[in-house]
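User: I'd like to go through this one by asking what each label rests on. Can you set the values against the definitions for me?

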Amino acid sequence: MSEQIKVPTMAELLAEGKVPEVLFWVGCAGSFDDRAKKITKAFVRIMNKAGIEFAVLGTEESCTGDPAKRAGNEFLFQMQAAMNIQVLNGYEIKKIVTTCPHCFNTIKNEYPELGGNYEVLHHTELINSLLEEGRITVESGKFEGRSVTYHDACYLGRSNGIYEVPRSLLKALDIEIKEMTNNRQRGMCCGAGGAQMFKEAEKGNEEVNVARTREALAQKTDFIATGCPFCNTMMTDGVKFHEKEGTVKVLDLAEMIAQAAELE
Amino acid sequence: MISSIIFILILAAAVGLFYRSARTIRRNIFLGREYDSETSTSEKWKTMLRVAFGQSKMGKKPVAALMHLFVYVGFILINIEVLEIIIDGIFGTHRFFSSLLGQVYFVAINFFEILAVLVIVGVVIFWIRRVALRVPRFWKPEMKGWPTMDALNILYIEVILMGALLVMNAADQSLMNMNSEDLVAAGLSKYDIGMNGTFYVSALISKFLGSDPQLLFYIERTAWWFHIIGILAFLNYLPFSKHFHIILAFPNTYYADLKPFGEWDNMASVKKEVDLMMDPDADPYASGAEEEEEETQTFGAKDVTDLNWKQLMDAYTCTECGRCTAVCPANQTGKLLSPRKVMMDTRDRLDEVGKNLDRTGTIEDGKALIRDYIRPEELWACTTCNACVEECPVMINPVSIITDLRRYLVMEESAPPQELNSVFTNIENNGAPWQFAQADRLNWSKE
Ligand code: SF4
Ligand code: SF4
């Protein structure tokens with residue numbers, strides 16, 4: 001790795017009397033899952049490079065409650081929401097960025113009614129504005145001659161109407177984009193949502209991620225790009241199932257940008 | 001005179017019967033809990049005009065969309081001709097609008113006849129798609145029996161009605177174009193509307209009907225009565241059919257929830273309890289009376305009466321097209337879950353509850369929507385991906401029902417799948433769905 005990453009916590013900044021531009025909500029996957037941690041770090045490198053003053057909650061962060069809510073445990077969800085909102089409001093947070101579409105959706109759409117009002121960004125939105133403002137630049141040659149297909153995350157796409165921002169990151173990379181037949185509004189789920197990630201699937205013919213990965217592999221691209229740590233896991237497992245890990249790599253958009261910006 | 005009286009009696013009976021059925025459905029829908037979409041009135045109108053009137057969500061399947069447009073426009077406009085039939089029936093007139101419109105009348109009827117042909121084309125193609133090509137979404141398990149028969153009935157009825165309309169016009173124009181003396185001689189002076197003209201489509205049928213005025217008269221009258229009685233019968237078939245969507249599509253899109261699909265309601269009853277836990281100083285009896293009423297509500301839904309009235313209206317609006325099921329990732333990979341079945345089950349159970357109410361005065365019959373209709377195995381297969389919600393042409397939301405049923409299983413029965421119980425415990429104890437300590441949450445930054 002090029003250089004040590006800098007990850008200040010809110011508590012540290014407060015002690016120094018500083019206020020960050022934006023709070024980076026890391027999320028459970030981003031904090032604990034080995035694959036997702038790489039995405040977290042790639043995004044941190046991008047923010048470090050762009051000189052963004054951000055902070056994380058660190059050990060004060062807790063699950064947003066999304067899996068509980070989708071699974072029907074509204075009590076647990078609202079308990080989590082209330083605790084998180086107390087912490088966030090305590091630090092007078094105004095702006096939040098997160099690499100997880102589930103955290104994004106929950107904090108952006110469901111926290112306001114419970115007393116948590118923040119401007120919430122998905123990391124692809126923040127990276128996109130950094131590119132537009134020239135705060136980071138990417139080497140155009142890095143992905144030249146390669147191809148990619150983008151898998152829409154349900155909680156970014158259909159649930160929140162964000163389809164084009166992630167694609168505009170790919171456009172910045174000078175890589176050939178091949179769309180799956182089912183893309184955008186008709187993009188098929190990876191199979192992780194609604195707390196499915198944490199349980200065995202019900203009886204059926206096959207796993208959802210196997211079916212979705214087949215659609216992605218049909219495009220015969222070098223990369224499958226995702227914007228969600230759970231989609232990433234599901235698609236990676238799917239590629240393994242089809243025994244294609246030698247030819248296709250599943251990467252988060254932040255990782256692709258970090259690579260092209262020579263940060264990895 | 002006698003025929004006017006018979007007509008009025010039939011019309012009154014048909015309208016009265018329809019009113020009764022529609023009122024029952026309305027009553028059933030309002031067995032549901034409160035619902036408020038928080039959408040402004042102008043936004044509601046716009047949505048209804050765009051989605052129901054303008055068919056904006058049909059376009060994703062171009063062939064089906066075009067054929068549906070034929071049938072839809074045909075039926076709306078041909079109703080103008082039905083209005084004339086009703087006026088003629090009541091007052092014993094013949095082609096009442098012709099005296100008002102003059103030659104324009106022929107233009108209008110020719111236009112309707114073209115629409116009638118397009119309706120037939122649309123229906124035939126629908127039939128081919130469903131029966132000959134067997135488009136898979138029409139042959140899922142929940143379509144066995146009545147639902148498939150219902151779908152085919154509608155197609156057959158539409159062809160028969162349009163056919164009767166054209167035969168009626170065919171015989172009638174032969175009579176209208178006879179000279180006045182011949183009509184008077186045959187005792188059919190009513191058919192002399194004082195103008196000549198051609199209805200070009202039905203003229204093709206006229207050739208086969210001959211020129212005997214008496215025979216033409218009987219054909220015209222038979223087709224006329226057949227057509228109007230057919231329409232009134234069809235009207236009374238609607239409340240028992242998926243075809244009821246031609247009415248409910250309008251209010252259902254009007255009242256649709258326009259929030260992002262990812263934004264689910266925060267249950268108010270839960271919020272109250274959480275607020276108390278977070279703030280021990282809060283006065284639990286602050287708004288006493290209201291509170292007690294809420295207390296008796298179950299969390300989530302066990303039966304249809306635990307759903308809100310919009311969810312129940314969704315169920316009656318569903319046209320069983322199966323677009324939702326066709327895009328459902330769980331269904332595509334062979335799981336039991338089918339969002340269409342969720343809607344059909346909700347409607348069938350609500351019908352049953354309504355019948356209980358009529359028969360015994362109570363909704364209780366020892367059954368419920370959960371388990372007797374929808375199995376937990378179906379509910380737990382949903383990834384909440386919202387593909388079904390996105391796809392539905394009449395803005396039905398199957399996920400909201402799935403969620404309310406899950407809420408009941410979790411919060412009232414504590415019966416989620418075992419793995420989810422551990423997820424809940426982990427979130428509660430460690431603040432993450434996995435068994436990692438919250439104290440380790442920042443370790444990644446040092447690795
Ligand atoms: S939200 Fe659930 S029911 Fe609807 S399409 Fe997705 S998995 Fe199927
Ligand atoms: S819910 Fe909507 S998409 Fe699904 S069958 Fe009913 S009308 Fe069709």
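User: What makes the area between chain A and chain B count as buried?

Analyst: Buried area is the accessible area (1.4 Å probe) that two parts lose on being put together, summed over both. By that rule chain A and chain B bury about 5,700 Å² between them, with 63% of it on carbon and sulfur atoms. On the chain A side, A:F32, A:F75 and A:R186 lose the most area to chain B, together 13% of what that side buries. Keep in mind that this is a predicted model, where local features need pLDDT of at least 70 and side-chain atom pairs count only at pLDDT 80 or more, while totals for chains, interfaces and linings use all residues. Side-chain values use heavy atoms, with hydrogens and water left out; residues are numbered from 1 along each chain as its sequence is written, and chains are lettered from A in the order in which they are written.

User: How do you know which residues are in contact across chain A and chain B?

Analyst: Contact means heavy atoms within 4.5 Å. With that cut-off, 71 residues of chain A are in contact with 60 residues of chain B. There are also 32 residue pairs in polar contact across the interface, both residues at pLDDT 80 or more. That term asks for a pair of N or O atoms within 3.5 Å; within protein, one must be able to donate a hydrogen and the other to accept it, and residues adjacent in sequence count only if both atoms are side-chain atoms. Helices here are DSSP runs (H or I, at least four residues), strands are runs of E of at least two, and both are numbered from the N terminus.

User: Why is the pair B:R441 and A:E61 called a salt bridge?

Analyst: The rule wants a side-chain nitrogen of Lys or Arg within 4 Å of a carboxyl oxygen of Asp or Glu. The closest N and O atoms of B:R441 and A:E61 are 2.9 Å apart, so the pair qualifies.

User: What makes A:D34 and A:K37 a salt bridge, and where do they lie?

Analyst: Their side chains meet at 3.2 Å, N to O, which is within the cut-off and therefore counts. Both lie in helix α3 of chain A, 3 residues apart, about one turn of the helix.

User: How do you know that β3(A) and β4(A) pair?

Analyst: Two strands pair if DSSP finds at least two bridges between them. Strand β3 (residues 95–98) of chain A and β4(A) have 4 bridges in the parallel sense, so they pass. A:V97 stands opposite A:L121 in β4(A), and A:T98 stands opposite A:H122. A:T98 is also the bridge partner of A:W25; β1(A) and β3(A) are joined by 3 bridges and run parallel. The open sheet has the order β2-β1-β3-β4 (chain A).

User: Why are β6(A) and β8(A) described as standing at the edges?

Analyst: In the open sheet with order β6-β5-β7-β8 (chain A), β6 (176–177) and β8 (249–252) each have a single partner strand, so one side of each is left without a neighbour in the sheet. For β6(A), 2 bridges join β5 (residues 147–150) to it, and A:V148 stands opposite A:I177.
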